[in-house]
Amino acid sequence: MKGKSYTFFIASSASGGMRRLRVPFYVLNLLLVLAIVGGITILAGIGSYSRMLLKATNYNTLRREQDSLKQQYKQLQTEVKDTNQRLNSLQSLA
């Protein structure tokens, strides 16, 4: 296998010429390894970005729920104050 190489022929349609490109076997293996590593890196990046989007969506949902609960809490506080005022006025009349 030592010294093994692949030969590619490249033909130009414009000039009609043909060119020969000799590529050593180890270069093709290196390109294959780099392609695999690059693919894994891209997949990992996509997975990480997807998880980040999911967390951001959950955060925004919790944030809206918190705002809604705060609003409900303020309304309940107002109702309790009104009810206490009515109770105090009824007790003072009794």
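Leu21 is placed in strand S2 (residues 18-24); strands are DSSP runs of E of at least two residues, helices are runs of H or I of at least four, and both are numbered from the N terminus. The model is predicted: local features need pLDDT of at least 70 and side-chain atom pairs count only at pLDDT 80 or more, while totals for chains, interfaces and linings use all residues. Residues are numbered from 1 along each chain as its sequence is written, and side-chain values use heavy atoms, with hydrogens and water left out.

Leu21 counts as partly exposed because its relative accessibility is 42%; buried means under 20% relative accessible area, exposed over 50%, and partly exposed in between (1.4 Å probe, protein chains only). Together with Tyr6, Phe8 and Ile10, Leu21 makes a nonpolar surface patch of about 360 Å². Patch residues have over 30% relative accessible area and no salt bridge, with nonpolar side chains (Val, Leu, Ile, Met, Phe, Trp, Tyr) joined within 5 Å and like charges within 9 Å. A salt bridge is a side-chain nitrogen of Lys or Arg within 4 Å of a carboxyl oxygen of Asp or Glu. Strand S1 (residues 5-11) supplies the largest share of the nonpolar patch, three residues.

## Overall form

The protein chain has one helix and two strands, in the order β-β-α from the N terminus on. Its radius of gyration is 36 Å, well over the 12 Å that the globule rule gives for 94 residues, so the chain is more spread out than a compact globule. The radius is taken over C-alpha atoms, and the rule is 2.2 Å times the number of residues to the power 0.38. The C-alpha trace spans about 110 × 35 × 5 Å along its principal axes.

## Surface and charge

Of the 94 residues in the protein chain, 1% are buried. The accessible surface comes to about 8800 Å² (Shrake-Rupley method, 1.4 Å probe), and carbon and sulfur atoms account for 62% of that surface.

There are 13 positive and 4 negative side chains, with the centres of the two sets 36 Å apart. Lys and Arg count as positive and Asp and Glu as negative, without His or the chain ends.

## Individual positions

Ala11 lies in strand S1 and counts as exposed, at 58% relative accessibility. Ala11 and Val80 are 69 residues apart in sequence, and their C-alpha atoms are 87 Å apart in space.

Lys70 belongs to helix H1 (residues 25-93) and is partly exposed, at 47% relative accessibility. A C-alpha separation of 33 Å lies between Lys70 and Ser48, which are 22 residues apart along the chain.

Key: The place of a charge is taken as NZ of Lys, CZ of Arg, CG of Asp or CD of Glu.
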